[in-house]
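Visitor: I would like to go through this model one point at a time. Please end each reply on the value or name I ask for.

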Amino acid sequence: DAIHGKHAVFSRLAPPGCGRLQQRNGGALGAIEYNILEVQALADGRLVFGFPGSGLLVWEPGEPKGRRVTQSDGLPGEQIGRMSQDRMHDPPLLLVPTDRGLAVFRSIP
């Protein structure tokens, strides 16, 4: 529901070219929240989702679940703001503002 700031993720159910897609939300990917606030695509094809109160989730399309990234992984806080990437670096830096400060990731676990 784009009006309320929520995103959905569409993933393939079958090999490329068949056209069948499955809608998934944050909870279906292994997150503890359903409301995805932010999405960033990494150079390696993984997606990073930001949530309003539970940090990040890194998901590789095709995998059933993603990996949560929280304060124990280096996030200063778990309320995610508007993420961005600094592509002047190789690999690009992922900038993640949180309620307790800014995290800058050179690589995502």
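Guide: A term is needed before the sheet is discussed: two strands count as paired if DSSP finds at least two bridges between them. The model is a predicted one.

Visitor: How many helices and how many strands does the protein have?

Guide: From the N terminus on, the elements run β-β-β-β-β-β-β-β-β. The count is therefore, with helices and strands taken as DSSP runs, zero helices and nine strands.

Visitor: Which residues have the most contacts inside the largest nonpolar core?

Guide: In soluble globular proteins, nonpolar side chains tend to be buried together. Here the largest nonpolar core has 13 residues. At least two of its residues come from each of β5 (56–59), β8 (93–98) and β9 (101–105). Those with the most contacts inside the core are Val 48, Leu 56, Leu 75, Val 96 and Phe 105.

Visitor: How many residues are in the other core, which lies apart from it?

Guide: Among the members of that other core are Leu 29, Phe 51, Leu 57 and Trp 59. Its number of residues is eight.

Visitor: Which residues does Leu 56 touch, not counting residues up to four places away in sequence?

Guide: Leu 56 is one of the residues with the most contacts inside the largest core. With sequence neighbours up to four places away left out, Leu 56 touches Val 48, Phe 49, Gly 50, Arg 67, Arg 68, Val 69, Leu 75, Ile 80, Met 83, Val 96 and Phe 105.

Visitor: Is the aromatic pair of Phe 49 and Trp 59 stacked, edge-to-face or tilted?

Guide: The structure holds one aromatic pair. Phe 49 in strand β4 (residues 47–50) and Trp 59 in strand β5 are ten residues apart, and both are buried. Their centres are 6.4 Å apart, with 40° between the planes. Planes under 30 degrees apart count as stacked and over 60 as edge-to-face, so the pair is tilted.

Visitor: Which residues form the uncovered face of strand β3?

Guide: Strand β3 (residues 38–41) pairs with β4 in the antiparallel sense over four bridges. Gln 40 stands opposite Val 48 in β4. The covered face of β3 holds Glu 38 and Gln 40, and the uncovered one holds Val 39 and Ala 41.

Visitor: Which residue takes a positive phi in the hairpin of β3 and β4?

Guide: Most residues other than glycine have a negative phi. This hairpin has five residues between its strands. The residue with a positive phi, near 100°, is Gly 45.

Visitor: Is the peptide bond from Asp 90 to Pro 91 cis or trans?

Guide: Most peptide bonds are trans. Pro 91 is found in the loop between β7 and β8. With omega near 0°, the bond from Asp 90 to Pro 91 is cis.

Visitor: What share of the accessible surface belongs to carbon and sulfur atoms?

Guide: Of the 109 residues, 36% count as buried. The accessible surface of the protein comes to about 6,400 Å². The share that belongs to carbon and sulfur atoms is 50%.

How values were computed
Residues numbered from 1 in each chain as written. Predicted model: local features only at pLDDT ≥ 70, side-chain atom pairs only at ≥ 80, totals over all residues. Heavy atoms only, no water. Core = buried A, V, L, I, M, F, W, Y, C linked by side-chain atoms within 4.5 Å. Buried < 20%, exposed > 50% of the residue type's maximum accessible area, 1.4 Å probe, protein only. Contact = heavy atoms within 4.5 Å. Phe/Tyr/Trp six-rings, centres within 6.5 Å; stacked < 30°, edge-to-face > 60°. Areas by Shrake-Rupley, 256 points an atom, 1.4 Å probe, with all protein chains shown as cover.
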